[in-house]
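Here's a quick tour of one model, starting with its sheet and moving on to a few charged pairs. Have the structure open as you read.

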Amino acid sequence: MTENHLAALEEIAYDDRIWRYMIVWVKSHDDLREWLESALRDKAAGSSLPWVTVLKSENRVIGSSRLFDLNLRHRTVELGHTWLAPQYHGAGLNAEAKLLQLRYAFDELGLNRVGLKTHHDNLQSQAAMRKIGAVEEGTLRNHLIMPDGSARHSVYFSIIREEWPRVRSLLEERVARGSV
């Protein structure tokens, strides 16, 4: 992700369904600019690797994701801030993006653990994490405050190095089948 992606993100980012479970809601150009600049500040600090998700067949930006809370000393990271434009939900693209990101985390960075977390009401995200082989670790209650002031309980999952070969195989099979 770079500042040059702002215009492409702006074409797809203002659908409330994207931000419903996120702790930041993007509703305007200024919101999106702050969201992007925050991601790039974290990247410059070395704690985050933000990406845009590109549909190669159309060379079109369709979403975003990132590795964050990167700790190379302890070889851990979280994978999240993930969203796709709603018209691409259910198209199997998220599985391919996760495969690429997890390959990078485990095979390039040599990490031992990739954490994932989601809003307690985001049952679709929780099911997707289970489907790729992530292990549910528990729930942090009243973990975060949502933009509307409500409490978010964060459901935590992880994939550890020893599980990565199995998870990789599951994701590779799903991508080969074009499965969601």
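Which residue stands opposite Val135 in strand 6? In this predicted model, that residue is Ser158. The two strands involved, strand 5 and strand 6 (residues 151-160), run antiparallel to each other and share 7 bridges.

Zooming out, these strands belong to an open sheet of 6 strands with mixed pairing, in the order 1-2-3-4-6-5. Strand 1 (48-55) and strand 5 (135-145) sit at the edges with a single partner strand each, so one side of each has no neighbour in the sheet. On average, neighbouring strands are turned by 25° against each other, direction ignored. Helix 5 (residues 123-131) packs on this sheet, where it touches strand 4 (113-119), strand 5 and strand 6, and its direction makes about 155° with that of strand 4.

| Pair | N to O distance |
|---|---|
| Arg33 and Glu37 | 3.4 Å |
| Asp107 and Arg168 | 3.7 Å |
| Arg113 and Glu137 | 2.5 Å |

Arg113 in strand 4 and Glu137 in strand 5 are 24 residues apart, so this pair links distant parts of the chain. Arg113 is partly exposed at 25% relative accessibility, and Glu137 is partly exposed at 43%.

Asp107 in helix 4 (residues 93-108) and Arg168 in helix 6 (residues 164-177) also link distant parts of the chain, 61 residues apart. Asp107 is partly exposed at 41%, as is Arg168 at 25%.

Arg33 and Glu37 are 4 residues apart in helix 3 (residues 29-44), so about one helical turn separates them.

Methods:
Residues numbered from 1 in each chain as written. Predicted model: local features only at pLDDT ≥ 70, side-chain atom pairs only at ≥ 80, totals over all residues. Heavy atoms only, no water. Pairing = 2+ DSSP bridges. Axes fitted to C-alpha atoms, helices over the stretch in contact; angles between N-to-C directions. Contact = heavy atoms within 4.5 Å. Salt bridge = Lys/Arg side-chain N within 4 Å of Asp/Glu carboxyl O. Buried < 20%, exposed > 50% of the residue type's maximum accessible area, 1.4 Å probe, protein only.
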